[in-house]
Amino acid sequence: MRRYTGEARRAVAFPLGGFGTGHVALGGDGALRQWQLSGVANHRGFLPDSFFALRVSSTEPPGDVVRLLRSAPLPPHERPAPNVSDAEVPDAGRLPSWPTVTGTEFRAAYPFAEVTYTDDELPVAVSLSAFTPFVPLDPDASALPLVRYRFTLTNTSPELRHGWLLGTLQNAVGWDGVTPIDGTRGAGYGGNVNRLLRRPGQTGVLMDHPGLAEDDPAYGEMLLWTDGPAAALPRAVSAEAMLRFVETAKLVTPVQLGDYSEAALRAAVADGVSPLRAPSGPSQPGHTWDAAVAVAFALRPGETTTVDVVHAWWFPNRYADFDRFGPPHPYGPSRFWVGNHYARRFGGALDVLDAYLAGREHLDTASRAWADAVAGSDLPEPLREVISAQGTLVRSPTLFRTADGRAYGFEGALGASTRNWNGDVGGSCPLNCNHVFNYEQALARLFPALGRDMRETELSVQAPDGSVPHRVVLPLYLPQLHDVAIGGPERPALDGMLGAVLKTYRSVLDGAGLDWLREHWPALRRLMDHVTTTWDTGGDGVLRGDQPVTYDISLHGPNMFVGGLWLAALRAMRAMADLVEPPAAEAYTKRFEIARDNYDKLLWNGEYYAQPVTDEAHDFGRGCLSDQLLGQWWAHQLGLGHILPPDRVRTALTSIVRHNLRTGFTPHDYREFADGDETGLVVCTWPHGGRPEIPLRYCDEVWTGVEYQVAAHCLHEGLTDEAMRIVEAVQSRYDGTRRNPFNEIECGDHYVRAMSGWSLLTAYTGFTYDAPTHHLRLTDRPGRYPFVAGTAWGTVTITPGTTPTLAILGGELPPDLTIELTEVP
């Protein structure tokens, strides 16, 4: 587990919530922020009066200590990082009246976030473990709209201590997720209803807003719950009222009789413990209710107890009301409801809770097993941290699942890095942008069913000419972006189309099945025919002409960025043809061989793969492009081997690191993702001069998705030192002091391209699974490592001289599995 202490806690905001369900973040100071429960991406969303607090009392010696379970806000950094907002404390200067603890320590091993609270005046040690279930290969188990907060209390004093753990939550049903809330007053509030929930061994408050129409975007339910011996204040008008509720709470019978057993505590709270009266009825217009549960505890010296509190929510309505690329359409007031998949599984917040309780043992155990598989592995620490944090990107507000079960994703969540051109609320650059998703490996590997689903959507919007637009219009029954200017770039992205082939083969390797491949094979054939007839007009295998790409522009001359993806796609088509149409395989092999030789001769300059100088705007010419070997990276991910001469690949990688890994940045004309004396891999440099007057767009920026891709490729080629220098540079920038280690940004927060970080795991271990042949390949690097193999996940232990040992923690692998060990590069 990585520890964040002192200044390194400032920007930590750990997302909690299921896939496509919205989330709340736990800060390094122990406070909750970034409330996005209804699915509206809003990094600055804040829900007041929702916190945790502690009162510890005693009879001998007399004592009564109260604390908010959060530390005081850290002052802003003297040099705040540009384009991020995670260090903002939305309630700074407006905290409830109880004192904060003196300090916190934050640790994380996804999906678990742990906070240790420090305060010399507290006679108990307090820590929190918060999580939302996360089980690889099981998207439903990983899509619960709830957070479980588990507090551990240990009496460190020589006297018996008793008291109350307070959990609070504001009824936010009716809130649009954006408009600022002042106390309990906010737009959309009024008529909110909080109902006390009492079930055997359980106490809670169920929250809704009956006056809302069932199709209102803010319609839904919320739940505050505990299974500890608790008293509840179902309705309150302020944080002060909830704190006063705890201050006046009494444990009369246990104190008198000295019986602090759980049964005695439950009996004591059954009839109420405070004279404070809760308001009744629906909330007044423009206002909502707060709610609180106070869990009683009693501890003899050295004793420990745990208290579980759950926040659950259920917001069934999602609309395709986000920005649309392409030409304007006369849709008028149409709202285009698409819904939330999790809301089809559950009828309300209480159903969500019951689903968790019914599977709690499995969900908790499996989630912990994944966290331990990564945190306890023999991966180098920087790689462990990257792989662990990839789950936060998968379950961020960037990705969602509509009521029909289909998975979709923005490029990111609008935030501080997008305000120069588009606001900071909503999704960035919709939808399923295939050239950005070319870098994503975490979602498709951790949840292959969702990866397959995205391929089906992508190929379903294929144009009659065989092209595939790089954005999807939702709902899918609307006109797609055929024969119109799309935006970012204007025409269908060539790199995205080639990536569609590679991602389809990835799904095949992960176990999609040959029937699935046969269904989509004709679309792949049409796509590759379109690429060939449009760009390989000379028949020499080299793609020429206007080539729209992920830099939101077109490249024009031959280049290895597009060419490498073309080579990898040709080899992937050969592999898939062998499975479903063998007579077609040879043609792909011949075209690959011609293309490989001609690209290599044309572009190799002795150091790296450059581009002929064309004098076209945005071409990079003599530049050293960090992304030049993206296709080779993909080929390694798919077990396709080298698509270019191995010695030149290694030389090009060392050149990329030598020329493009820079320490020290000054402001430039585009977005700053590294600044001051930081280190980062820039998109492109011109080490020997020749920078064009209009250079490659974004060339001076630093993208973590590209950094991870290059680092992983270095590992594949045995360039371990170079790889670690890049990864350590990323982690130094995102160390919690100025940037959030759980939010890597580019065009928005939680940016999809950063999910290339997953490839560091496969690169370091050499893990490649081929489901059609039941074959698994690993390098012989000794150690224990996590794996996800399409149909199973767990750990693999490699000991010299013995057969690797697989510990399957979920799913299954075929009984006739063969394992091949290869030498570490």
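Predicted model: local features only at pLDDT ≥ 70, side-chain atom pairs only at ≥ 80, totals over all residues.
Residues are numbered from 1 along each chain as its sequence is written. Local features need pLDDT of at least 70 and side-chain atom pairs 80 or more, while totals for chains, interfaces and linings use all residues, and side-chain values rest on heavy atoms, without hydrogens and water.

**View 1. The whole chain.** Let's start with the overall fold: 18 helices and 34 strands, taken as DSSP runs (H or I, at least four residues; E, at least two) numbered from the N terminus. The C-alpha atoms fill a box of roughly 90 × 70 × 55 Å along the principal axes. Of the 825 residues, 64% are buried (under 20% relative accessible area, 1.4 Å probe, protein chains only).

**View 2. Phe-14 and Phe-106.** Here is one of 25 aromatic pairs in the structure (Phe, Tyr or six-membered Trp rings with centres within 6.5 Å; planes under 30 degrees apart are stacked, over 60 edge-to-face, the rest tilted). The ring centres of Phe-14 and Phe-106 lie 6.2 Å apart with planes at 50 degrees, so this pair is tilted. Because Phe-14 sits in strand E2 (residues 13-16) and Phe-106 in strand E8 (residues 103-109), the pair ties together parts 92 residues apart in sequence. Both residues are buried.

Notes:
Buried < 20%, exposed > 50% of the residue type's maximum accessible area, 1.4 Å probe, protein only.
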